[in-house]
Amino acid sequence: MATMVLTTLGGAVAGPVGAALGRVAGGAIDGAVFGGPARQGPRLRELQVQLSSYGAQIPKLFGTMRVAGTVIWATDLREAAATSGKGAARTTRYSYTASFAVALSSRPIRGIGRIWAEGKLLRGAAGDWKTRTGGFRWYPGDEAQMPDPLIASLVGIGDAPACRGIAYAVFEDLALADFGNRIPSLTFEVEADAGPIGVGTIVETLGGGAIRADVPGPVLAGYAASGERVRDAVEAIVAPLGGWYAPDGDGTRLRIGAGVARALPDAALPIDAPAWRRPPGAPVDVAIAYHDIARDYQAGVQQVLRPGGAGRMLRIELPAAMDAATAARIAGDMAMRGSAARDVRTIALDWQAIDLAPGDRVTLPGMAGQWRVRRSRIEAMRITLELVRIADAGQAAPPATGTPQLAADVVAGRTALRLVELPGDDAGAVPWVGVVAAGTGAGWRRAMLSIGSDAGGWRELGETAAPGVFGTVTMPPAPRSALVEDRASTIEVVLSHDPMVLESIDAAAMDRGGNAALVGEEIVQFASAVRIGTARWRLSRLWRGRRGTERGMAAHRPGEAFVLLDPPTLRRIDEVAVGTPVGVMGVGLSDDDVATATIIPTGRWLVPPAPVGLSMTRDGQGLLLRWHRRARGAAPWRDGVDVPLVEEREAYRLTVIDAAGAEQSVELAEPQWRPAEGGGATTIEVRQIGTNGLSPPATLSYSPETSR
């Protein structure tokens with residue numbers, strides 16, 4: 001900073017001399033502008049740690065910056081309970097939300113972009129939310145803004161502050177499950193001005209008209225001004241850029257670098273220096289800490305290591321947003337100024353140079369470059385000036401950039417639901433109905449589920465399971481045997497979006513039930529999944545008719561639904577009944593992201609699968625029809641062990657249909673039957689009698705002549 005010293009003048013002073021003295025009266029321009037010595041300015045980490053303490057300073061933002069802000073209002077956590085299941089399986093899930101307000105800038109802003117929570121994106125560049133929130137509003141900080149309606153409804157209209165002059169954001173019912181059920185530490189990308197902003201413009205704004213800049217100065221992407229006084233905020237940006245001040249009428253002029261300079265006469269003679277303090281003689285290394293726009297405004301460091309620096313490091317924390325190249329250039333310029341500061345000249349001039357003041361630029365006869373008047377002394381009609389060389393711009397080394405590790409900004413899209421009725425894993429009498437949910441974008445994570453209808457009301461079920469995988473069949477498989485691997489058929493599907501993926505698995509994983517999918521009305525397992533285009537897949541090496549769904553082979557058609565039956569993605573819906581419509585609503589990350597789906601359970605999986613292995617043989621007693629029963633919920637084949645009987649009793653209904661269409665039925669308690677000899681061609685249907693109804697039929701046609 002430039003200090004101006006006024007000493008006693010002998011004799012009367014008038015005319016231009018008096019005017020010049022008026023410019024320098026008062027001793028120090030620093031004190032005239034700021035009123036005291038410099039103090040501690042803002043530090044980078046203060047912009048990244050969210051505060052809630054009373055009296056915390058709110059920065060004035062310029063350009064675009066990422067700041068944490070200060071929590072200025074919050075509610076207690078709000079608890080919600082969702083109960084599912086019944087009896088011993090009844091489960092209650094609790095979720096928590098909170099509403100709060102965060103002050104961001106004590107200067108008006110234009111908008112809020114991305115928001116990070118615990119370092120992960122909470123709101124993306126497209127304005128999409130990654131976690132559910134009941135509402136979000138922001139206020140620009142102008143003098144016309146009114147109190148927030150949520151705050152006013154809770155504290156009273158008369159007690160709700162409008163916070164005029166403070167830009168702030170309000171969250172309403174932010175879901176806290178992702179953050180350990182507490183309000184997370186947030187940082188906000190705040191746009192205060194349109195585009196980058198010059199340092200001169202920043203200083204003029206902070207100075208409130210008392211400081212004027214020669215030029216707009218270096219351009220920054222953003223700046224967060226804070227400090228106990230205006231001086232702290234100004235110095236934090238001016239000092240690293242080598243700025244200084246000069247008197248300018250009734251105000252002060254900010255100058256940076258070379259500019260218009262006054263040529264001193266040949267009579268400017270070097271003299272012995274007064275007892276003025278000199279800068280240190282050894283060069284120093286320089287490190288600039290800043291907010292790197294290529295790293296989502298996280299802290300970056302650029303440094304210049306000087307030959308002969310003796311290991312002394314000058315570290316500057318600059319609360320400004322810029323790219324790495326700009327920071328490296330500033331560090332290089334600081335190193336050059338450190339060297340130039342050691343080039344000092346003290347000269348003496350006659351009284352005609354009395355209008356020269358600290359902060360002025362001058363040139364010396366026979367010497368290249370410009371000099372800045374750092375100090376002046378008027379004594380015995382002689383003007384003594386201390387000059388320091390104005391450094392040329394340094395040549396910055398290539399910036400250190402590294403590889404940014406940025407929070408992924410993946411669009412969630414809108415919520416989509418698929419309801420499926422599946423064979424259950426138990427022998428209950430209630431249909432197994434599940435919901436699979438996903439989004440139209442890869443960033444979708446979950447939605448809140450409710451069951452009911454608009455007419456009868458909705459009951460909350462809690463959150464969905466993990467994101468599922470589903471789409472549409474473009475090429476269905478042909479009917480094949482469910483007893484051997486189908487290597488002739490393939491299935492082609494289009495998934496809901498390209499980031500949804502399928503994978504190939506080995507035979508052991510297939511035997512464990514892997515890669516099961518509901519294709520139309522048939523459950524199919526696939527060993528091979530090959531991507532054939534954007535969101536398009538070809539599936540082969542199929543295991544067909546799984547879980548007793550072989551009857552669905554005949555109903556395939558292009559356009560039918562494909563749903564991957566991955567257990568972590570299935571959420572069972574309780575309290576459903578056969579023939580009663582089930583309506584499900586899913587609400588995604590915002591209240592306008594709503595999806596609904598309806599299913600009418602048929603109960604077809606509450607009865608046993610059709611018997612298998614019908615065969616007619618002849619022994620010493622005549623013809624003998626045999627078959628094997630199957631069981632609900634028994635998916636894998638286990639050698640040497642019969643499947644368990646999950647029905648109340650073992651019973652079958654056998655129906656004989658003769659060539660004329662006449663039917664005759666009989667109930668049996670074991671899986672065999674002896675038909676009467678003679679007669680014509682006959683069709684036999686065998687159904688297992690289950691607790692909840694009859695199985696589909698297993699059919700055999702035979703003729704007595706061919707059975708001899």
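User: What makes helix H5 count as mostly covered?

Analyst: Start with a caution: this is a predicted model. Buried means under 20% relative accessible area. In helix H5, residues 230-238, eight of the nine residues are buried. Therefore H5 is mostly covered, given the under 20% cut-off.

User: Which residues of H5 are buried?

Analyst: They are Arg 231, Asp 232, Ala 233, Val 234, Glu 235, Ala 236, Ile 237 and Val 238.

User: Why is H4 called roughly antiparallel to H5?

Analyst: Look at the axes. Those of helix H4 (residues 199-207) and H5 cross at roughly 170 degrees. Angles over 145 degrees count as roughly antiparallel. So H4 is roughly antiparallel to H5. The two axes also come within 10 Å.

User: Which residues of H4 and H5 meet?

Analyst: From H4 come Val 199, Val 203 and Leu 206. Their partners in H5 are Val 230, Ala 233, Val 234, Ile 237 and Val 238.

User: Why is Arg 107 called buried?

Analyst: Arg 107 has a relative accessible area of 16%. The cut-off for buried is under 20%. So Arg 107 is buried. Arg 107 is found in a loop, between strand E4 (91-105) and strand E5 (111-117).

User: How do you know that the side chain of Arg 107 makes a polar contact with the side chain of Asp 193?

Analyst: Check the distance. The pair is 3.0 Å apart. A polar contact needs N or O atoms within 3.5 Å, one able to donate a hydrogen and the other to accept it. The Arg 107 and Asp 193 side chains make such a contact. A polar atom of the Arg 107 side chain also lies 2.8 Å from the backbone oxygen of Leu 61.

User: What else is Arg 107 in contact with?

Analyst: Beyond its neighbours within four places in sequence, its contacts include Lys 60, Phe 62, Pro 140, Gly 165 and Thr 205.

User: Which residues have the most contacts inside the largest nonpolar core?

Analyst: Leu 122, Phe 171, Phe 188 and Ile 573 do, in a core of 49 residues. Another core, of 33 residues, lies apart from it, and Val 199, Tyr 223, Tyr 245 and Ala 327 are among its members.

User: Where do nonpolar side chains tend to be in soluble globular proteins?

Analyst: They tend to be buried together.

User: How many residues does the whole chain have, and what share is buried?

Analyst: The protein chain has 708 residues, and 47% of them count as buried. Its secondary structure comes to seven helices and 44 strands.

Note on methods. Residues numbered from 1 in each chain as written. Predicted model: local features only at pLDDT ≥ 70, side-chain atom pairs only at ≥ 80, totals over all residues. Heavy atoms only, no water. Helix = DSSP H or I, 4+ residues; strand = E, 2+ residues; numbered from the N terminus. Buried < 20%, exposed > 50% of the residue type's maximum accessible area, 1.4 Å probe, protein only. Core = buried A, V, L, I, M, F, W, Y, C linked by side-chain atoms within 4.5 Å. Contact = heavy atoms within 4.5 Å. Axes fitted to C-alpha atoms, helices over the stretch in contact; angles between N-to-C directions. Parallel < 35°, antiparallel > 145°, perpendicular 65-115°, else oblique.
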